[in-house]
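Have the viewer open while you read.

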Amino acid sequence: MRGSPLHQHPAADPAALPWTAPHPQPAPQPSARPGPGALDLTAPDGTAAGFPGTGPVAPGPVAGVPGGAAGPTAVPSQLPSLDLRGAATRPAVDPQVARELKRQVAAELHQQITRLTAASGTEPDRATRRQRGRALIEEAVARWSDAYAQTHGIPPTREQDRALAEAVFDLLFRAGRLQPYLDDPEIENILINGCDDVWVSRVHQPLRQVPPVADSDAELIELLQDLARQHGGGERSLSTASPTLALRLEGGMRLQALTEVTPRPYVAIRRHRVASATLPEMVRLGTLDSTLAAFLAAAIRARKNVMITGTQGVGKTSLLRAMAAEIPPDERIGTLESEFELWLHTLGHLRQVVPMEAREGNGERVDGRMAGELSIGDLIPAALRMTLSRIIVGEVRSGEVVPMLRVMTNGEGGSMCTLHARGPHMVVDRIAELCLEYGSHMTDALAYRLTANAVDLIVHVSMVDETAVGGRRHRFVSHVLEVTGLGESGRPALNTVFGPRPDLGEPRAVPHTPPNCLDDLRRAGFDAALLGSRFGSWAEPLQLRIGGGPR
């Protein structure tokens, strides 16, 4: 058997295994709780967590560090055990052992990659690195298991070896101890306020605290730096010179991190659960009804410029993706995003997509800007030279709203974007505020004129969150406003085409007033008779725990 430097100071007893103990432990008294630094990974039915049908095991804590000692980032005893629906389907692994194996494998992999590069003259691609890394990980885990079995007389099971190998692979090539949460399709948000203060929200559930994702803040920052290096989208980094980090993760999740300007590292990760949405899918999810779906589909075919608004996390991007699925497949379009979230160039419906992603600077400032930085506003002039019939901006955040509005005014029509706004009637002023960031020559009057000339429809998405009272999160379109030119006050005039009917207990968008562009929509195949129903296609009002009511 081959030894390992990890075994220079072996643990005193089998309880220090880096996995769930393979043999039954004495059952605790009913009042016993896992102590600090321990996490109960036993499933409610008594089976080993992550291995249904493997037979009953007595509940018992698994040490978070060798020997079960509680460190400064130990899991508080009052924390609930990790929800096992997808986020923890393998035995617990000692993070210190996984990190040490990761360091060994990284050093060996670097030597192999160096030799391969010298022999071929080119660096191996990502797939080759991962393939060779996987082989080295298997060898390292085998050495560890042999040495542990020799020292303690208890060979780890195949599942435990596999769990350790996956943990090392995650540390080396993926998101480390964050990865189980990223792999859980039910998790919508991951909020990290320092390494040991981690919260997740699942579908229709409130925020819940979960175990740490690192043993120290320094280790958390190292993980974020590794993710930035894996991103491959320019010079993204997290450091004293660049205290903010925004990037996309595997699977389309979006990460935003802060350090140096905050007392501890702070991270927010969001998942778009509807990755390949269509309008029929939005109808099934209850975001809109079939009447509004037909209206929006006709608006896209009629090349109306659409702005989708709402607060954070209400589903603006998913709706934008669904509406983009109505664009004829042979049209040539461009997408501009800070981090790729729409993925229209990978979904397959559109055959000609020019995807553009903004690039962060390298921390050095030249004339007040980061060297190497390319914003969405910088990319729009280049996009206009790519013979595009439509331009879609994932999110308008600042002065790029002005070139976006000019694209909508001067182009063929049919462009779209999203914008943060708390209410539908705040959108016009929100656009004006962002226009004023464009330059000192911009005025409210000019911003209003740009908006009136550029935007045809404002689609506002709302959310009613009743998880705190035992309900669910309801995301839905609440308003569709038509911009009908400048009004008498010099502001854009708005026509409520779809809106809620509070008197009927309906907060969702239902038909109100026919749009001025109805003839254009009819030419695009819209049935105007659908606007005749006060309730749209909803079978009943939205069922809320608080508010709402029967018709």
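This is a predicted model: local features need pLDDT of at least 70, side-chain atom pairs count only at pLDDT 80 or more; totals for chains, interfaces and linings use all residues.

Let's start with the open sheet whose nine strands come in the order 11-10-14-15-9-16-17-18-19, with mixed pairing. Its edge strands are strand 11 (352–357) and strand 19 (506–511), each of which pairs on one side only. From one strand to the next, the twist averages 25°.

In this sheet, strand 9 (residues 306–310) and strand 15 run parallel and are joined by five bridges.

Two helices are worth a look here. Helix 10 (residues 376–384) packs on the sheet and touches strand 10 (332–337), strand 11 and strand 14 (390–396). The direction of helix 10 makes about 165° with that of strand 10. Helix 13 (residues 444–454), for its part, lies across strand 17 and strand 18 (492–501), and runs at about 105° to strand 17.

| Strand pair | Sense | Bridges | Residues facing each other |
|---|---|---|---|
| Strand 4 (residues 198–202) and strand 5 | antiparallel | three | valine 198 and valine 210 |
| Strand 3 and strand 8 | antiparallel | five | asparagine 189 and arginine 270 |
| Strand 7 and strand 8 | antiparallel | five | alanine 257 and valine 267 |

Strand 8 turns up in two of those rows: five bridges tie strand 8 to strand 3, and five bridges tie strand 8 to strand 7.

**A helix pair**

Two packed helices are described by the angle between their axes and the distance between the axes. For helix 11 (residues 401–410) and helix 12 (residues 427–436), the axes come within 8 Å and cross at roughly 115°. Which residues meet there? Val401, Val402 and Leu405 come from helix 11, and they meet Ile431, Leu434 and Cys435 of helix 12. By class, this contact has six nonpolar residues, with no polar and no charged ones.

**The largest pocket**

The largest pocket holds about 1,000 Å³. It has 40 lining residues, and the closest to its centre are Arg270, Gly313, Val314, Gly315 and Arg475.

Several elements supply at least two lining residues each: strand 3 (187–193), strand 6 (244–248), strand 7 (254–258), strand 8 (266–270), helix 6 (279–285), strand 16 (457–465) and strand 17 (473–486). Strand 17 gives the largest share of the lining, with four residues. Sorted by class, the pocket lining has 16 nonpolar, 13 polar and eleven charged residues.

**The cavities**

Rolling a probe the size of a water molecule over the atoms shows where empty space is left. How many cavities of 30 Å³ or more does the structure hold? There are two.

The largest cavity has about 80 Å³ of space. It is lined by Arg254, Arg270, His272, Gly313, Gly315, Lys316, Thr317, Glu341, Glu395, Thr418 and His420. Helix 8 (316–324) and strand 15 (416–420) are the elements that give two or more residues to this lining. By class, the lining of the largest cavity has six polar and five charged residues, and no nonpolar ones.

The second largest cavity has about 40 Å³. Its lining is made of Arg254, Glu337, Ser338, Glu339, Glu341, Ile376, Gly394, Glu395 and Arg397. That lining divides into one nonpolar, two polar and six charged residues.

Note on methods. Residues are numbered from 1 along each chain as its sequence is written. Side-chain values use heavy atoms; hydrogens and water are left out. On a 1 Å grid over the protein atoms alone, a cavity is a set of points where a 1.4 Å probe fits but cannot get out, and a pocket is an open set with protein on both sides within 12 Å along at least five of seven lines; lining residues have an atom within 4 Å of a point. Grid points are joined across faces, edges and corners, and a volume is the space filled by probe spheres set on the points. Ala, Val, Leu, Ile, Met, Phe, Trp, Tyr, Cys and Pro count as nonpolar, Asp, Glu, Lys and Arg as charged, and the others, Gly among them, as polar. Axes are lines fitted to C-alpha atoms, for helices over the stretch in contact, and angles run from 0 to 180 degrees between N-to-C directions. Contact means heavy atoms within 4.5 Å. Two strands pair if DSSP finds at least two bridges between them.
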